[in-house]
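Me: I would like to go through this structure with you, one part at a time. Could you keep the answers plain?

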Amino acid sequence: MSTPYCWNKVRNEICEKTGRKAYALCLRNHGSSGWSKEFSVNHLVADLKHFMLKENISKAILVTHSLGARPAITLALENPEMVEKLVVEDMTLTFDDDQSEAVTRFLSTLKMAASSLKQYPPSMPEAVVQKKLQLLFCLPWINKSNEKTSSRPLAPLLLFHKEKSGEFVWDVNIDSLTEALEDHSNTLKIRLSDELVYPSEAIFVSGEYSKFDVIKEKQAILKHFPNAKFSVAKGVYHVYHAENPEEYIKEVAEFIGA
């Protein structure tokens with residue numbers, strides 16, 4: 001549900017610190033990218049390969065977040081020669097019961113938002129609608145700590161716009177995304193087998209208050225990513241690169257190197 005524009009600040013500063021060129025990709029069924037009934041990890045891997053071929057990129061450092069990390073993880077495992085290093089922000093290799101519940105909650109939120117958007121009157125400002133819907137999307141990925149905390153989950157910038165007619169329209173293919181999330185254990189599954197090993201450097205980072213606890217899955221990750229590093233972003237929920245961009249930039253830039 002996110003947009004490449006949310007990466008602008010961290011992308012530009014990481015480029016300055018590392019001297020690297022960066023692309024922010026919009027996944028299929030999101031924003032300006034093509035819409036399709038087909039949406040799965042395998043389709044997204046094919047899209048990623050196509051982009052790299054089109055841009056004549058033989059090998060890249062992949063910096064990823066959330067469900068968007070799953071095709072990058074798959075590419076690293078199945079075609080390690082194409083991935084120089086891998087950064088995985090707030091995503092694990094598998095879905096345990098707690099994480100599957102989070103996906104199901106997100107699906108319910110998505111359906112509720114899709115229904116709500118159709119009901120808002122043309123007189124309502126786009127900023128007001130954005131704020132109303134943002135409140136729905138803050139919570140599905142959150143593992144609320146029992147400890148008192150002054151921080152709050154970041155409200156995501158949702159992809160929709162207001163037509164001249166006053167109608168609010170999604171900039172994401174709600175139907176395809178909903179269908180994929182309904183069957184997420186298959187469509188978003190990462191194929192894991194003993195022979196699939198990524199030998200280069202990787203870093204798996206999770207938010208302190210996130211459902212996606214990479215430390216809990218550390219041994220499983222090391223089986224396929226033996227040179228992986230692990231990090232927990234303190235005070236962060238699900239979107240480290242937006243909730244604490246300065247610390248994220250520093251950590252990722254140091255991992256990439258100049």
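Me: To begin, is Asp90 buried or exposed?

Reply: Asp90 counts as buried, because its relative accessibility is 1%. Buried means under 20% relative accessible area, exposed means over 50%, and partly exposed is in between, with a 1.4 Å probe and protein chains only. Please note that this is a predicted model, in which local features need pLDDT of at least 70 and side-chain atom pairs count only at pLDDT 80 or more, while totals for chains, interfaces and linings use all residues. Residues are numbered from 1 along each chain as its sequence is written, and side-chain values use heavy atoms, with hydrogens and water left out.

Me: Where is Asp90 found?

Reply: Asp90 is in the loop between E2 and helix H4 (97-119). Helices (H or I, at least four residues) and strands (E, at least two) are DSSP runs, numbered from the N terminus.

Me: What is phi of Asp90 near?

Reply: Phi of Asp90 is near 55 degrees, which is a positive value in a residue other than glycine. Most residues other than glycine have a negative phi. Asn29, which is not a glycine, also has a positive phi, of about 70 degrees. Asn29 lies in the loop between H1 and H2 and counts as buried, at 0% relative accessibility.

Me: Now the helices. At what angle do the axes of H2 and H3 cross?

Reply: The axes of H2 (residues 41-54) and H3 (residues 69-78) cross at roughly 70 degrees and come within 9 Å. That makes H2 roughly perpendicular to H3. Axes are lines fitted to C-alpha atoms, for helices over the stretch in contact, and angles run from 0 to 180 degrees between N-to-C directions. Angles under 35 degrees count as roughly parallel, over 145 as roughly antiparallel, 65 to 115 as roughly perpendicular and the rest as oblique.

Me: Which residues make that contact of H2 and H3?

Reply: On the H2 side they are Val41, Leu44, Val45, Leu48, Lys49 and Met52, and on the H3 side Arg70, Pro71, Ala72, Thr74 and Leu75. Contact means heavy atoms within 4.5 Å. These residues divide into eight nonpolar, one polar and two charged. Here Ala, Val, Leu, Ile, Met, Phe, Trp, Tyr, Cys and Pro count as nonpolar, Asp, Glu, Lys and Arg as charged, and the others, Gly among them, as polar.

Me: How many residues of H3 are buried, and what covers them?

Reply: Nine of the 10 residues of H3 are buried. Their cover includes H2, strand E1 (60-65), strand E2 (83-89), strand E5 (202-207) and helix H8 (218-224).

Me: Then what about Asn79?

Reply: Asn79 is in the loop between H3 and E2 and is buried, with a relative accessible area of 16%. Leaving out residues up to four places away in sequence, Asn79 touches Lys49 and Thr74.

Me: Which helix holds His224, and is it buried or exposed?

Reply: His224 is in helix H8. His224 counts as buried, because its relative accessibility is 5%. A polar atom of the His224 side chain lies 2.8 Å from the backbone oxygen of Leu196.

Me: Last topic: where is Cys6, and how far is its C-alpha atom from that of Thr104?

Reply: Cys6 is in the segment before helix H1 (8-18). The C-alpha atoms of Cys6 and Thr104 are separated by 24 Å, and the two residues are 98 residues apart along the chain. Cys6 counts as partly exposed, at 32% relative accessibility.

Terms used:
A polar contact is a pair of N or O atoms within 3.5 Å; within protein, one must be able to donate a hydrogen and the other to accept it, and residues adjacent in sequence count only if both atoms are side-chain atoms.
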